[in-house]
Amino acid sequence: MMEEKTSARQIKDLLSGLAEHGSQHLAEAETDLIQTNILLREAIAKLGASFMAIHGAIVLQQQMVEEALACAAVPADAVEALRAQSGQIGLHVNSAITGLQFQDMTNQLISRTMRRIAGLRDVLLLVGEEGDMIPVETDASHMQVLLDKITETMRAQSTVLEKELWKAVCQTHMESGDIELF
Amino acid sequence: MGKTILAVDDSGSLRQMVVFSLRAAGYQVTEAVDGQDGLDKAKEQVFDLVLTDQNMPRMDGLSLIRALRALPTYQKVPILMLTTESSDEMKAKGRAAGANGWLVKPFDPQRLTEVVRKVIG
């Protein structure tokens, strides 16, 4: 009886510790993700604004160059070089627009991870609560029933969580995606 | 006057890039922050094309398409999905809802304008 009492106490402590420490670590992970999302949001706002300003300045500059070319006697190879450079700028602008869409995807991935963390915290909370309800004086067969119940609760919660977390972002690079017309 | 496009996306940075690309190609673009906002704006004005994201708060893209297709004024207006979603399952749902095309993010502005031009000229 003494041995059974000891193992019941140990199992209660184990489940309680798992819930408590697990929740603490998840809270830290959640805080870091919120901070990451804030930084990414601010970064994209700055990048977007700078991109617009740079593009506006380049367009203006190209107009001035075109006007200057029309008025001045500029060697043909210089005109060709300027036009080629203009084409290169266009390619970089397109590439930057594709790259600047990263935050839409990172935001979705972070939100999904946050929901998973919240769900996992609920699972741990349940494990802790179920553990607290185990009487200290429990015989081995009753203990087995209680542990099976906890395992089943955990499995069910995990399944519910997985169903709620549809993965909407599968991209692993920033190349432009497929296009299909129906 | 250029053709009109309604761009629906809950991501401000994404909308900024869509608007920039399509305005540069000569289109008049109106922004909506989610499906419900898109539906409200579509009821105020009939656009030549609707470009919508899928996962948004309040109303998602598929629900928006179904709601638009229920309006007599939007039965023939082209609707394109622009989303991170790329599964065949989602594409089939989009097609069934009434979408005319599916573009997976991130988009290349040149390819986007080519598709839009192909669809509405």
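User: How many residues of chain B are in contact with chain A?

Analyst: This is a predicted model, in which local features need pLDDT of at least 70 and side-chain atom pairs count only at pLDDT 80 or more, while totals for chains, interfaces and linings use all residues. Residues are numbered from 1 along each chain as its sequence is written, and chains are lettered from A and ligands numbered from 1 in the order in which they are written. Contact is counted if the C-beta atoms of two residues, placed from the backbone, lie within 7 Å. On chain A 24 residues take part, and on chain B the number is 27.

User: Which element gives the most to the side of chain B that touches chain A?

Analyst: Elements are DSSP runs numbered from the N terminus: helices (H or I, at least four residues) and strands (E, at least two). At least two residues each come from α1 (12–24), α4 (88–97), β5 (101–104) and α5 (109–120) of chain B. With six residues, the element that gives the most is α1(B).

User: How many charged residues are on the side of chain B that touches chain A?

Analyst: Asp, Glu, Lys and Arg count as charged, Ala, Val, Leu, Ile, Met, Phe, Trp, Tyr, Cys and Pro as nonpolar, and the others, Gly among them, as polar. This side has 11 nonpolar and 10 polar residues, and its charged residues number six.

User: Why do α3(B) and α4(B) count as roughly parallel?

Analyst: Angles under 35 degrees count as roughly parallel, over 145 as roughly antiparallel, 65 to 115 as roughly perpendicular and the rest as oblique. Angles run from 0 to 180 degrees between N-to-C directions, and axes are lines fitted to C-alpha atoms, for helices over the stretch in contact. The axes of α3(B) and α4(B) are 9 Å apart, at an angle of about 15°. The two helices are therefore roughly parallel.

User: Is the crossing of α2(B) and α3(B) left-handed or right-handed?

Analyst: Helix α2 (residues 35–44) of chain B packs on helix α3 (residues 61–69) of chain B at about 20°. A crossing is left-handed if the near helix is turned anticlockwise from the far one by less than a right angle, and right-handed if clockwise. The crossing of α2(B) and α3(B) is right-handed.
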